[in-house]
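User: I would like to learn how to read a few features of a protein model. Please start with charged side chains and go on from there.

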Amino acid sequence: MAFNEEQFKEILAEFTIGGERLHEIAANFRQDLRLGLRDVTLSSMRMLKSYVGLPSGNEKGDYLALDFGGTNIRVFRIRLEGGGKYEIIKRVGRPLIVPGEYNYISKDATAEQMFDFIAELVDEVIDGDHQTKYYLGHTFSFPSTQDNIYNARLIIWTKEFATQGVEGEIANDLLVAALKRRGAGNVEPVAVLNDTVAVLLSAAYKTPDTFIGSIYATGHNTCYLEPSIHDPNGFGEGGMILNLECGNFSKLAPNRFDKEYDEGSEKPGEQRFEKMVSGRYMGELFGMAIAELLGEKGKQYNLTSVDMSMIMLDDSEKLTKASDIIMAKVGRELDFDDVAKVKKLAETIVIRSARLVAASFVALVWQRAGKGKIVKQHVAVDGSVYEKMPHAKENITKALSELLGEDAANVDTILDNGGSGLGAAIAAAMAKSN
Ligand code: BGC
């Protein structure tokens with residue numbers, strides 16, 4: 001069965017965002033930001049204070065860093081050498097789930113079990129040394145509120161985590177208790193931060209003129225340095241970093257696939273922006289559109305963003321690899337023209353995602369510039385979609401120049417790979433600086 005040409009064109013159009021619409025979305029994002037700065041309840045974003053500004057780049061000393069943001073826990077011992085230099089002395093990592101063995105993220109697991117597991121990893125990174133004093137920075141990448149650099153309290157689990165007894169609690173308190181149970185009370189957590197904030201700190205430590213940090217991966221979120229906020233409980237320079245939790249931004253134009261996916265999702269109405277752009281969801285939208293083209297609307301194929309990436313990377317004459325993936329996941333042998341259309345659909349969904357993410361970056365660049373000039377700056381990004389997904393990075397760059405015109409020459413995106421660990425060590429150093 002060949003796809004219906006008209007229907008195919010219509011679906012592509014639904015996933016296409018033209019220049020004017022993109023401009024509107026960037027303007028809406030900025031408006032939402034400004035409302036939130038006035039009164040956070042007016043914004044669709046959470047706009048959480050991080051209690052850190054930028055590092056000076058001269059932070060020095062040995063710190064522990066815990067990266068807790070997904071199913072893989074990583075702990076590092078990091079030596080900050082100042083001048084933007086650092087060395088990773090030791091690193092350990094282990095998943096929170098090993099199917100058939102253990103699962104610390106299910107609703108049957110308790111906070112004690114989860115944090116005892118984490119404390120064990122911390123103990124491994126300090127080689128069981130229970131004498132030396134260690135300060136630890138904790139990248140905890142879930143929406144949390146805090147009123148100082150230590151006390152982030154989990155509002156709600158995201159990313160399918162369901163462990164009991166953590167929502168509503170201060171993550172560092174749970175960690176401190178677990179470290180004590182293990183006899184490692186000499187490790188003192190002194191800072192907690194979102195992964196976007198960690199990426200920004202890490203990039204700014206090495207590269208001056210970086211004010212925006214973002215994760216573009218399974219999940220999506222961005223933070224930026226807001227110059228107008230100064231708080232006696234904060235550390236660092238230039239104002240305060242706000243973790244936008246912009247995955248929840250909702251003032252955009254979802255198409256019928258976005259709406260339908262959201263309605264059937266675990267948390268309808270939540271994380272609307274994340275559901276249009278992040279790796280966790282692009283495969284779902286892709287599958288829904290293919291089902292429609294095949295006349296089996298509603299059927300689920302379990303297509304992922306990795307499948308999309310592999311389909312797009314197939315540049316062979318016969319698109320054999322793409323065809324095999326479609327066969328394996330969709331259970332249909334498509335003719336060449338339809339495989340090419342599926343590839344085009346994947347591209348269109350990724351390009352939309354990249355353009356939307358770029359629009360949010362532009363809103364932040366505008367916000368920081370105010371009525372002044374757009375200064376030379378970098379936007380630090382980490383995550384698999386940014387790093388590996390075909391068409392993502394180049395379409396961010398294209399959209400930046402579409403939206404910023406000549407000023408785009410002053411703004412670029414840079415990859416900050418693994419900033420979650422380094423950023424946590426820098427935050428710990430900043431917290432111990434006075
Ligand atoms: C979380 C954010 C996090 C982002 C990227 C989202 O689901 O709400 O806190 O920064 O994922 O990891």
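**Salt bridges and other features**

Analyst: By the rule used here, a side-chain nitrogen of Lys or Arg within 4 Å of a carboxyl oxygen of Asp or Glu, the count comes to 27 salt bridges. This is a predicted model, where local features need pLDDT of at least 70, side-chain atom pairs count only at pLDDT 80 or more, and totals for chains, interfaces and linings use all residues. Residues are numbered from 1 along each chain as its sequence is written, and side-chain values use heavy atoms, with hydrogens and water left out.

User: Which residue forms a salt bridge with D123, and where do the two lie?

Analyst: Side chains of opposite charge can pair when their charged atoms come close. Here D123 pairs with R182, with the closest N and O atoms 2.7 Å apart. Helices (H or I, at least four residues) and strands (E, at least two) are DSSP runs, numbered from the N terminus. As for accessibility, buried means under 20% relative accessible area, exposed over 50%, and partly exposed in between (1.4 Å probe, protein chains only). D123 is buried at 8%, while R182 is partly exposed at 36%.

User: Are D258 and R352 buried or exposed?

Analyst: D258 is buried, with 5% relative accessibility, and R352 is buried, with 2%. D258 forms a salt bridge with R352, the closest N and O atoms being 2.7 Å apart. This pair links distant parts of the chain, with D258 in helix α6 and R352 in helix α11 (residues 336-369), 94 residues apart. There is also a network of salt bridges that links E14, R256, E260, E292 and K297.

User: What does D314 have around it if it has no salt bridge?

Analyst: For charge, Lys and Arg count as positive and Asp and Glu as negative, while His and the chain ends are not counted. D314 is buried, and the nearest side chain of opposite charge, K343, is 6.1 Å away. D314 lies in the loop between α9 (305-313) and α10 (320-330). The side chain of D314 reaches the backbone nitrogen of T320 at 3.3 Å. With contact taken as heavy atoms within 4.5 Å, and residues up to four places away in sequence not counted, D314 touches L319, T320, K321, A322 and K343.

User: How do I read a strand, and which strands pair with β13?

Analyst: Two strands pair if DSSP finds at least two bridges between them. Strand β1 (residues 48-49) pairs with β13 in the antiparallel sense over two bridges, and K49 has L242 as its bridge partner. Strand β12 (residues 220-226) also pairs with β13 in the antiparallel sense, over four bridges, with E226 opposite M240. In β13 (residues 240-243), M240 and L242 point one way and I241 and N243 the other, and all are buried.

User: Which residues other than glycine have a positive phi?

Analyst: Among them are D209, with a phi of about 65 degrees, and Q271, with a phi near 50 degrees. D209 is in the loop between α5 (195-206) and β11 (210-216) and is partly exposed at 41%. Q271 lies in the loop between α6 (256-263) and α7 (272-277) and is buried at 11%.

How values were computed. A polar contact is a pair of N or O atoms within 3.5 Å; within protein, one must be able to donate a hydrogen and the other to accept it, and residues adjacent in sequence count only if both atoms are side-chain atoms.
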